[in-house]
Amino acid sequence: MKFEHLIEINDLNNALVPRMTREQLWNGLVLRAEFPKLFISYLDSCVITSRDLDSLTRTLQFGELKVHDLVQFSFLDYVHYQVHQQGEIPESCMRMSIEEPVPSALFIRFSYDDGHTQTEDAENTVYNDFRRSAYVEADIDTVKIFREMHEIGRLNNLLT
């Protein structure tokens, strides 16, 4: 299943919605990668196993299930999550990209790819419809948390 959608961050036509800068939005994306428990309530733990300037590897614990992933950063542009095949877990990826079609009009494009073929997708239509809906709801929740963090100044820099 390949799926993507956009969520508007700054509504330039609504002065009641506090605007984020691209840097503040970027800080939110980085925080989501480094501290996923703030965004995923059913995650038991996250251990960062390695880190360099533009990536990190993590082990995520969901009950008995462990998932190892690679998170790559393109500064002020996107965060890309890659899960390689692990036993029963198939390869998949997700990218959160910042889009700014005009100055200050910020969006996040969420892109998902579970690695399945079109034939496999056709066989799993009902299941994929459910997954798409769940992804959109999770992404809306992520943006809600970004907005809450922004209101208290948490996205002004990564060290606060």
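## Exposure of Tyr135

A residue is termed buried when its relative accessible area is under 20%, exposed when it is over 50%, and partly exposed in between. Because its relative accessibility is 23%, Tyr135 counts as partly exposed. The structure discussed here is a predicted model.

Tyr135 forms a stacked aromatic pair with Tyr112, with 4.0 Å from centre to centre and 5° between the planes. Tyr112 belongs to strand S7 and Tyr135 to helix H3, so this pair ties together parts that lie 23 residues apart in sequence. Tyr112, at 10% relative accessibility, counts as buried. Ring pairs also bring in Phe3, which is linked with Tyr112 and Tyr135 into a cluster.

## Helix H3

Helix H3 covers residues 125-151, 27 residues in total. From its first C-alpha to its last it reaches 39 Å, close to the 39 Å expected at 1.5 Å a residue. After the helix comes Gly153, which has a positive phi near 85°.

The buried residues of H3 are Asn128, Arg131, Asp139, Thr142, Val143, Ile145, Phe146, Met149 and His150. Their packing partners are strand S1 (2-8), helix H1 (22-34), strand S7 (107-113) and helix H2 (118-123).

## Aromatic and charge-ring contacts

Six aromatic pairs are present in the structure. One of them joins Phe39 and Phe146 edge-to-face, at 5.6 Å centre to centre and with 75° between the planes. Phe39 is located in the loop between H1 and strand S2 (45-52), whereas Phe146 is in helix H3, so the pair ties together parts 107 residues apart in sequence. Phe39 is buried, with a relative accessible area of 11%. Phe146 is likewise buried, at 0% relative accessibility.

A charged group also meets a ring in this model: the charged end of Arg95 sits over the ring of Tyr78, 3.8 Å from its centre.

## The largest nonpolar core

The largest nonpolar core contains 36 residues, of which Leu25, Trp26, Leu29, Phe73, Val79, Ile108 and Phe146 touch the most other members. At least two residues of this core are supplied by each of S1, H1, strand S3 (55-62), strand S4 (65-74), strand S5 (78-83), strand S6 (92-99), S7 and H3. H1 provides the largest share, six residues.

The surroundings of Leu25 can be set out in detail. Apart from neighbours within four places in sequence, Leu25 is in contact with Ile9, Met20, Ile98, Leu106, Phe107, Ile108 and Phe146.

Conventions
Residues are numbered from 1 along each chain as its sequence is written. This is a predicted model: local features need pLDDT of at least 70, side-chain atom pairs count only at pLDDT 80 or more; totals for chains, interfaces and linings use all residues. Side-chain values use heavy atoms; hydrogens and water are left out. Helices (H or I, at least four residues) and strands (E, at least two) are DSSP runs, numbered from the N terminus. The expected span of a helix is 1.5 Å times one less than its number of residues. Buried means under 20% relative accessible area, exposed over 50%, partly exposed in between (1.4 Å probe, protein chains only). Contact means heavy atoms within 4.5 Å. Rings of Phe, Tyr and Trp (its six-membered ring) pair if their centres lie within 6.5 Å; planes under 30 degrees apart count as stacked, over 60 as edge-to-face and the rest as tilted. A charge sits over a ring if NZ of Lys or CZ of Arg is within 6 Å of the ring centre and within 35 degrees of the ring normal. A nonpolar core is a set of buried Ala, Val, Leu, Ile, Met, Phe, Trp, Tyr and Cys residues joined through side-chain atoms within 4.5 Å.
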